[in-house]
Amino acid sequence: MATPPDFSSGAVLTAAQMNSVGLWLVKTQSIGSGVASVTVTGAFSADYDNYLITVSGGANSIDGNVLDLKFGATVTGYYFAMVYASWNNVVQAAGGANVGRIDYVGQAGTQSLNAFIEVNSPFLTENTTVRASVANSTFYGGTTNGLLKNTTSYTSFILATTAGTMTGGTIRVYGMRN
Amino acid sequence: MTPEEYKALNPQNAVYIQVDDTERLMTDEEYETWVAEGVYNSNHPLP
């Protein structure tokens, strides 16, 4: 009998053990070449209430930019706030109210694309919320809270860079077990 | 950065919109909107 989290070769996992797996890879999407935005479909479903979206690898054509996020085809009703500090510890903030996207959900630099985005309730018919961070490649680090103020159920999202294009890298979507 | 400089760095025939594994070039309208946003963002970094 396998005993999570330590497994031995050939161990048989029970349904109860598999059903206790907390994070499940839902979808992996490679980013193409010279891409301004990537739409990922089939990301959200009734299987999970909460999700984790990661971006790693690849690069942006212009340094010091960030990733922004939209859900489905919605282009209004987004709210976000990012509290950031330049690398010399000067604390400031940026944000938007009832705008067309959530900015500052990841980093887009010439040496990497990075994002680690928590998403609550995108498929449920209630507000969708987001937490993310930016370790900007030029001068600051920040933490972002975002809100999409509607009750639309979403199955897809769009990640885009604020300037230039992305080449390479991987978007991964994980569902968190209810 | 001017729109002309941005377009020189990112010509319309080399900028794609990706949906899952499918990529397509932007329409003229999409490209002009994208250039305007990119120029604005490039010229307005965080303080």
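Tyr48(A) counts as buried because its relative accessibility is 14%, under the 20% that sets the limit for this class. This residue belongs to a predicted model, and its ring forms an aromatic pair with Tyr51(A).

**Aromatic rings**

- Across all chains, the whole structure contains 10 aromatic pairs.
- One of them joins Tyr48(A) and Tyr51(A) in an edge-to-face arrangement, with 5.9 Å from centre to centre and 75° between the planes.
- The angle counts as edge-to-face because it is over 60 degrees.
- Tyr51(A) is also buried, and its relative accessible area is 0%.
- Both tyrosines belong to a cluster linked by ring pairs, together with Phe44(A), Phe71(A), Tyr154(A) and Phe157(A).
- Elsewhere, the face of Tyr79(A) has Lys149(A) over it, at 5.8 Å from the ring centre.

**Strand 12 of chain A**

- Strand 12 of chain A covers residues 157–161, and five of its five residues are buried.
- In a regular strand, side chains alternate between the two faces of the sheet.
- In strand 12 of chain A, Phe157(A), Leu159(A) and Thr161(A) point one way, while Ile158(A) and Ala160(A) point the other way.
- Strand 2 of chain A (residues 35–40) pairs with strand 12 of chain A in the antiparallel sense, over four bridges; Ser37(A) stands opposite Ala160(A).
- Strand 5 of chain A (residues 65–71) also runs antiparallel to strand 12 of chain A, and five bridges join the two.
- Phe71(A) has Phe157(A) as its bridge partner, and both residues also belong to the aromatic cluster.

**Nonpolar cores**

- Nonpolar side chains tend to be buried together in soluble globular proteins.
- The largest nonpolar core here comprises 39 residues, and Phe71(A), Tyr104(A), Val105(A), Ile117(A), Phe157(A), Leu159(A) and Ile171(A) have the most contacts inside it.
- Another core, of 11 residues, lies apart from the largest one, and includes Ala163(A) as well as Val15(B), Val35(B) and Val39(B).
- Not counting residues up to four places away in sequence, Val105(A) touches several residues, among them Leu67(A), Leu69(A), Ile117(A), Val130(A) and Leu159(A).

**Chain B**

- Chain B has two helices and two strands, in the order α-β-β-α from the N terminus.
- Along the principal axes, its C-alpha atoms fill a box of roughly 35 × 20 × 15 Å.
- Chain B has 47 residues, of which 28% count as buried.
- The accessible surface of chain B is about 3000 Å², and carbon and sulfur atoms account for 56% of this area.

Technical notes. Residues numbered from 1 in each chain as written. Chains lettered and ligands numbered in written order. Predicted model: local features only at pLDDT ≥ 70, side-chain atom pairs only at ≥ 80, totals over all residues. Heavy atoms only, no water. Phe/Tyr/Trp six-rings, centres within 6.5 Å; stacked < 30°, edge-to-face > 60°. Buried < 20%, exposed > 50% of the residue type's maximum accessible area, 1.4 Å probe, protein only. Lys NZ or Arg CZ within 6 Å of the ring centre and 35° of its normal. Core = buried A, V, L, I, M, F, W, Y, C linked by side-chain atoms within 4.5 Å. Contact = heavy atoms within 4.5 Å. Areas by Shrake-Rupley, 256 points an atom, 1.4 Å probe, with all protein chains shown as cover. Pairing = 2+ DSSP bridges.
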